[in-house]
Amino acid sequence: MPLLCLILAAELFVVLVSGFRHGQLVRAMLPPPAARCLAAGQEYAEAFDGVTILFADICSYTTISSELTPRQVVALLSGLYDRFDKLCEQHGMYKADRKKRFCT
């Protein structure tokens, strides 16, 4: 019986941690009003004029990353993101990411 209680407690802990991480991810990626609506099970829409969405692909990423250590891959990606962030800042662009939040 104590072993069963321990297993159930561990499973409950995993569910709670997963839910917490999901909430953190949602709050990091969405503007606060959108996150609140999503949490309440409601729809959310907002219009913006003059928006451009950029999707980027790293050519030969699979080949390059397979030849690097995990730390080198993280350093490579971190450097790319840092340069992209600086370009966005130089040109007065808003980049939606985990560091910045929408102001409403």
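The following is a working conversation about a predicted model of a protein.

User: What does the secondary structure of the protein come to?

Analyst: The model is predicted, and its secondary structure consists of four helices and zero strands. Read from the N terminus, the order of elements is α-α-α-α.

User: How many residues does the protein have, and what percentage count as buried?

Analyst: The protein has 104 residues, and 13% of them count as buried. Its accessible surface is about 9,300 Å², with 64% of that area belonging to carbon and sulfur atoms.

User: What about contacts between residues at least 24 apart?

Analyst: Taking the contacts between residues at least 6 apart in sequence, 29% join residues at least 24 apart.

User: Where is confidence lowest, and where highest?

Analyst: Confidence is lowest in H1, where the mean is 66, and highest in H3, where it is 91. For the protein, the mean pLDDT is 76, and 71% of residues reach 70 or more.

User: And residues 98-104, what does pLDDT do there?

Analyst: Over residues 98-104, pLDDT stays under 50.

User: Changing topic: which residues make the nonpolar surface patch?

Analyst: Leu25, Met29, Leu30 and Leu38 make a nonpolar surface patch of about 380 Å². Of these residues, Leu25 lies in helix H1, which covers residues 2-29.

User: Which residues of helix H2 are buried?

Analyst: Helix H2 spans residues 32-39, and its buried residues are Pro33, Ala34, Ala35 and Cys37.

User: Why does Cys37 count as buried?

Analyst: Cys37 counts as buried because its relative accessibility is 16%, and the cut-off for buried is under 20% relative accessible area.

User: Is Cys88 buried or exposed?

Analyst: Cys88 is buried, as its relative accessible area is 4%.

User: How many disulfides does the structure hold?

Analyst: The structure contains zero disulfides.

User: On to the backbone. What phi does Gly41 take?

Analyst: Gly41, which comes just after H2, has a positive phi of about 75 degrees.

User: What is phi of Ser60, and where is Ser60 found?

Analyst: Ser60 has a phi near 60 degrees, which is a positive value in a residue other than glycine. Ser60 sits in the loop between H2 and helix H3, the latter being residues 61-66.

User: Back to H3 for a moment: what was its mean confidence?

Analyst: The mean for H3 is 91, the highest in the protein.

Key:
Residues are numbered from 1 along each chain as its sequence is written. This is a predicted model: local features need pLDDT of at least 70, side-chain atom pairs count only at pLDDT 80 or more; totals for chains, interfaces and linings use all residues. Side-chain values use heavy atoms; hydrogens and water are left out. Patches are made of residues with over 30% relative accessible area and no salt bridge: like charges are joined within 9 Å, nonpolar side chains (Val, Leu, Ile, Met, Phe, Trp, Tyr) within 5 Å. Accessible areas come from the Shrake-Rupley method with a 1.4 Å probe; for residues, only the protein chains shown count as cover. A salt bridge is a side-chain nitrogen of Lys or Arg within 4 Å of a carboxyl oxygen of Asp or Glu. Helices (H or I, at least four residues) and strands (E, at least two) are DSSP runs, numbered from the N terminus. Buried means under 20% relative accessible area, exposed over 50%, partly exposed in between (1.4 Å probe, protein chains only). Contact means heavy atoms within 4.5 Å. A disulfide is a pair of cysteine sulfur atoms within 2.5 Å. pLDDT is the predictor's confidence in each residue, from 0 to 100.
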